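Colleague: I would like to go through the terms used for this model. Please set each value against its definition.

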Amino acid sequence: MSGSSPAARLQELFEGRRLTPTQRRIAHSMVRRAGDAPFLSSVELAELAGVSQPSVTRFAVALGFDGYPALRKHLREVAPAGAEAGEGEETYNEYQQAVLGEIENLRHLAGLLADPGPVERAGRLLAASRPLPVLGLRAASSQARGFGYFAAKVHPDVRVLDEGGSMLHDRIDAARRAGASALICFALPRHPREVVDALSYARGRGLTVVSVADSAFAPVARHSDLLIPAAVGTGLAFDTACAPMLLGRVLLEAMCDALPDAQARLEEFDTGAVARGLFVE
């Protein structure tokens, strides 16, 4: 860590930490002022980030330090005074670092997919479920809707569950009564309690749960029959989910491979789309 630029050292310190939006604002302020960060008081950092001084203390504790003085001492030790920031090497701003972090997440996913077994098993489970419930709440709702949109082109009955509340269990019941045998869940930080409760309920009703989550140790793990992890990026104020999105498309491909009429359905859709003038060429 000592051989990298101040900004990169800070990014490494924050990487993979589960920080609140306020704490991320502090982290981003430190990255932007990486050269000065080891010498800022907690009050100065709070003013720089536009947060309260106690928030800075909680931020330091979230990073594993006893308090902000311990964090500042650590930064001074790994970035001694007079060191040239980024001397002799290329440096990246916080936006570039976020992109590079996502590239690394995709590389990790590629390595995971060297064993196609879990994805192929998931594809068979999803293809066989009629209907197919697709669950994703809050941050993961867009993942569920995107998966559901494409899945509906090849699967005869896809039901996207992207709203919580008292009706969620009812919709799981309805899918089970209609013949559903499996459910796919997209679970991203911060993990809603409703998702964990819904998966527990779904398994209790006899559904096999396939989950895409940010970690094999995510809260949904204990309520999943098959969990395939895809890391989220944490370099910006809000998580980025390139790897989970790509994994969703990979699962769609595996599901298509397990559906004997998938290609015919796609061709039928394309023919209808042309007849309706659905898309602009």
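**Terms and values**

Colleague: What makes β1 and β2 a pair?

Modeller: Strand β1 (residues 132–135) and β2 are joined by four bridges in the parallel sense. Two strands pair if DSSP finds at least two bridges between them, so β1 and β2 with four bridges count as paired. Strands are DSSP runs (E, at least two residues) and helices likewise (H or I, at least four), numbered from the N terminus.

Colleague: What sort of model is it, and how are residues numbered?

Modeller: The model is predicted; local features need pLDDT of at least 70, side-chain atom pairs count only at pLDDT 80 or more, and totals for chains, interfaces and linings use all residues. Numbering starts from 1 along each chain as its sequence is written, and side-chain values use heavy atoms, with hydrogens and water left out.

Colleague: Why are β2 and β5 called edge strands?

Modeller: The open sheet has the order β2-β1-β3-β4-β5 with parallel pairing. β2 (158–161) and β5 (226–229) each pair on one side only.

Colleague: Why is α2 called roughly perpendicular to α4?

Modeller: The axes of α2 (residues 21–32) and α4 (residues 53–62) cross at roughly 85° and come within 10 Å. Axes are lines fitted to C-alpha atoms, for helices over the stretch in contact (heavy atoms within 4.5 Å), with angles from 0 to 180 degrees between N-to-C directions. Angles under 35 degrees are roughly parallel, over 145 roughly antiparallel, 65 to 115 roughly perpendicular and the rest oblique, which makes α2 roughly perpendicular to α4. Residues in the contact include Ile 26 of α2 and Phe 59 of α4.
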